[in-house]
Amino acid sequence: MNRVYVCSCFGITEQQVREHADRGACTPRQIASVSKAGTDCGSCVRRIQGILGRGACPRRELADQGDPEVLSAELTAIPEAQAA
């Protein structure tokens, strides 16, 4: 399987970033809180921003409008077994 690593410091792949976005992580900071990506050297933050884009997060529109349910939603990390 071909894996495209976004964060080499913590071994986070592009697929994992997309999965976190599908679960509600709409910003690089939220991705960092569930995966640590972008918290060491920081070189992957722009790439994460590019992956997230405007349309990559299904709940971004609600979050941008200040929907309290979306803003208070708890983000959970993807278990290692699913991430591989």
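**Entry 1: cysteine 9**

I began with cysteine 9, which, leaving aside its neighbours within four places in sequence, is in contact with Asp40 and Cys41; contact here means heavy atoms within 4.5 Å. I found cysteine 9 in the loop between β1 (5-7) and β2. Helices (H or I, at least four residues) and strands (E, at least two) are DSSP runs, numbered from the N terminus. I then looked up a pair: cysteine 9 and threonine 39 are 30 residues apart in sequence, and their C-alpha atoms are 8.8 Å apart in space.

The cut-offs are under 20% relative accessible area for buried, over 50% for exposed and partly exposed in between (1.4 Å probe, protein chains only).

**Entry 2: what I am looking at**

This is a predicted model, in which local features need pLDDT of at least 70, side-chain atom pairs count only at pLDDT 80 or more, and totals for chains, interfaces and linings use all residues. Residues are numbered from 1 along each chain as its sequence is written, and side-chain values use heavy atoms, with hydrogens and water left out.

I checked the confidence next: the mean pLDDT (the predictor's confidence in each residue, from 0 to 100) of the chain is 77, and 61% of the residues reach 70 or more. Over residues 80-84 the pLDDT is below 50, and I see five contacts for this stretch beyond near neighbours in sequence. Residues 70-76 also stay under 50, with 15 contacts in the model beyond four places in sequence. A reminder to myself: where pLDDT is low, the predicted coordinates should not be read in detail.

**Entry 3: the whole chain**

I counted six helices and two strands, and along the sequence they follow the pattern β-β-α-α-α-α-α-α. Of the 84 residues, 30% are buried. Among contacts between residues at least 6 apart in sequence, 62% join residues at least 24 apart.

**Entry 4: threonine 13**

I moved on to threonine 13, which has its place in strand β2 (residues 12-13). Threonine 13 counts as buried because its relative accessibility is 7%. Leaving aside neighbours within four places in sequence, I find threonine 13 in contact with Arg3, Val4, Tyr5 and Val6.

**Entry 5: α1 against α2**

How do helices α1 and α2 pack? I noted an angle of about 105 degrees between helix α1 (residues 14-22) and helix α2 (residues 28-35), with their axes 10 Å apart. The two helices are therefore roughly perpendicular to each other, a label that covers angles of 65 to 115 degrees. On the α1 side I see Val17, His20 and Ala21, which meet Ile31, Val34 and Ser35 in α2. The residues of this contact divide into four nonpolar, two polar and no charged.

Which residues of α2 are buried? My list reads Ile31, Ala32, Val34 and Ser35. The cover over the buried residues of α2 includes β2, α1 and α3 (45-52).

**Entry 6: lysine 36**

I ended at lysine 36, in the loop between α2 and α3. Just after α2, lysine 36 takes a positive phi of about 75 degrees, although lysine 36 is not a glycine.

Note on methods: Axes fitted to C-alpha atoms, helices over the stretch in contact; angles between N-to-C directions. Parallel < 35°, antiparallel > 145°, perpendicular 65-115°, else oblique. Nonpolar A, V, L, I, M, F, W, Y, C, P; charged D, E, K, R; others polar.
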